[in-house]
Amino acid sequence: ISLASQIGDYQFDNLLLNAAGVRCASTDELDKILDSDAGGCVTKSATPEPRKGNESPRMKATSMGCINSMGLPNHGLDYYLKFAETNQGKSGKQVVLSVAGLSIKQNIEMLKKIQESSFAGLTELNLSCPNIAGKSQVGYDFEAVRDVLTSAFSFFKKPLGLKLPPYFDFNQFDGIAEVLNDFPVTYINSINSIGNGLVVDPDTESVVIKPKGGFGGLGGDYVKPTALANVRALRLRLKPEISIIGTGGIKSGKDVFEHVLCGASLVQIGTAFGFDGTPIFERISKELKEIMAEKGYHTLADFRGKLKTID
Ligand SMILES: O=C(O)c1[nH]c(=O)[nH]c(=O)c1I
């Protein structure tokens with residue numbers, strides 16, 4: 001039984017990755033992921049310069065997942081670019097370099113630096129950070145997405161993936177797919193956290209995180225049905241050359257199986273990886289192989305995208 005999967009020219013011996021932002025801000029954390037059963041690692045979304053991020057408390061775990069308003073704390077692009085150049089492809093592991101500029105200009109500036117660098121892996125352009133005060137997720141402005149992709153592909157010749165926010169309406173699925181199908185995008189990654197949720201503590205009668213009056217991105221059990229819907233809807237709408245990474249609500253082999261059934265080629269684990277740490281990659285790999293064995297599947301391609309509907 002194989003958990004191997006391919007995105008563009010990149011072979012992953014295991015389809016499991018961490019989600020950008022979770023236990024991946026330092027090289028020590030990134031090394032730990034590479035030393036685990038994960039097929040590779042994803043770096044914390046980078047801005048051109050280091051950032052402290054929002055004030056704490058800025059993340060809270062709950063019985064159903066978590067809420068965060070980290071505010072893009074990171075060591076700056078150079079730090080992650082150096083790590084990525086050094087570690088990409090080592091012992092068959094892929095390093096995905098995530099970038100999240102605070103403007104189209106910053107995104108272009110970072111992509112130019114990556115294009116000129118010796119990094120030969122996958123770049124993930126994050127168009128869906130929900131936690132920068134005064135900024136809405138770029139992914140909700142389809143013309144802005146078209147603009148940034150037009151600029152990017154005028155010079156960026158390396159493989160580019162996009163981290164998208166969750167969509168909630170068929171017109172939105174159609175709208176974003178219409179834009180994406182016009183570009184040589186290597187993959188899309190759905191979903192980022194469900195933005196601007198609110199967790200309330202009835203005992204203290206208070207919100208639980210400080211930034212933005214307590215509003216923050218939701219992850220974990222809260223988001224799985226939305227994540228599966230976005231993977232499925234975009235798989236049905238995007239040209240086959242664009243692969244899909246499924247992210248959202250994964251904490252077991254069963255959850256991974258469901259994402260692959262909806263069309264995912266790789267999956268990323270955020271909230272649950274935050275709780276469990278790197279042992280989660282071994283546990284989930286074992287659980288998924290057990291499910292595949294029970295069902296008589298040998299490879300992910302045996303069931304990828306083969307979700308049945310009720311006719
Ligand atoms: O607040 C963050 O740093 C953050 N938090 C998220 O939930 N998604 C994101 O893409 C980002 I850049």
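This is a predicted model: local features need pLDDT of at least 70, side-chain atom pairs count only at pLDDT 80 or more; totals for chains, interfaces and linings use all residues.
Trainee: How many aromatic pairs does a search of the whole structure find?

Mentor: The search finds 9 aromatic pairs. In general, such a pair is described by the distance of the ring centres and the angle of the planes. Take Tyr 79 and Tyr 80: their ring centres are 4.9 Å apart and their planes stand at 75°, so this pair is edge-to-face.

Trainee: Is Tyr 80 buried or exposed?

Mentor: Tyr 80 is buried, at 0% relative accessible area, while Tyr 79 is partly exposed at 28%. Now look at Tyr 140 and Tyr 167, an edge-to-face pair with 5.8 Å between centres and 80° between planes.

Trainee: Which parts does that pair tie together?

Mentor: Tyr 140 sits in the loop between strand E8 and helix H4, and Tyr 167 in the loop between strand E9 and helix H5, so the pair joins parts 27 residues apart in sequence. Tyr 167 is buried at 1%, and Tyr 140 is partly exposed at 35%. Ring pairs also bring in Phe 142, giving a cluster with Tyr 140 and Tyr 167.

Trainee: Which charged ends sit over rings?

Mentor: Lys 112 has its charged end over the ring of Phe 155, 5.0 Å from the centre. Likewise, the charged end of Arg 237 lies over the Phe 170 ring, 5.1 Å from its centre.

Trainee: And what lines the largest pocket?

Mentor: Its lining has 50 residues, with Val 22, Cys 66, Asn 68, Gly 270 and Thr 271 nearest the centre. Helix H8 gives the largest share, 5 residues. By class, the lining holds 22 nonpolar, 20 polar and 8 charged residues.

Key:
Residues are numbered from 1 along each chain as its sequence is written. Side-chain values use heavy atoms; hydrogens and water are left out. On a 1 Å grid over the protein atoms alone, a cavity is a set of points where a 1.4 Å probe fits but cannot get out, and a pocket is an open set with protein on both sides within 12 Å along at least five of seven lines; lining residues have an atom within 4 Å of a point. Helices (H or I, at least four residues) and strands (E, at least two) are DSSP runs, numbered from the N terminus. Ala, Val, Leu, Ile, Met, Phe, Trp, Tyr, Cys and Pro count as nonpolar, Asp, Glu, Lys and Arg as charged, and the others, Gly among them, as polar. Rings of Phe, Tyr and Trp (its six-membered ring) pair if their centres lie within 6.5 Å; planes under 30 degrees apart count as stacked, over 60 as edge-to-face and the rest as tilted. Buried means under 20% relative accessible area, exposed over 50%, partly exposed in between (1.4 Å probe, protein chains only). A charge sits over a ring if NZ of Lys or CZ of Arg is within 6 Å of the ring centre and within 35 degrees of the ring normal.
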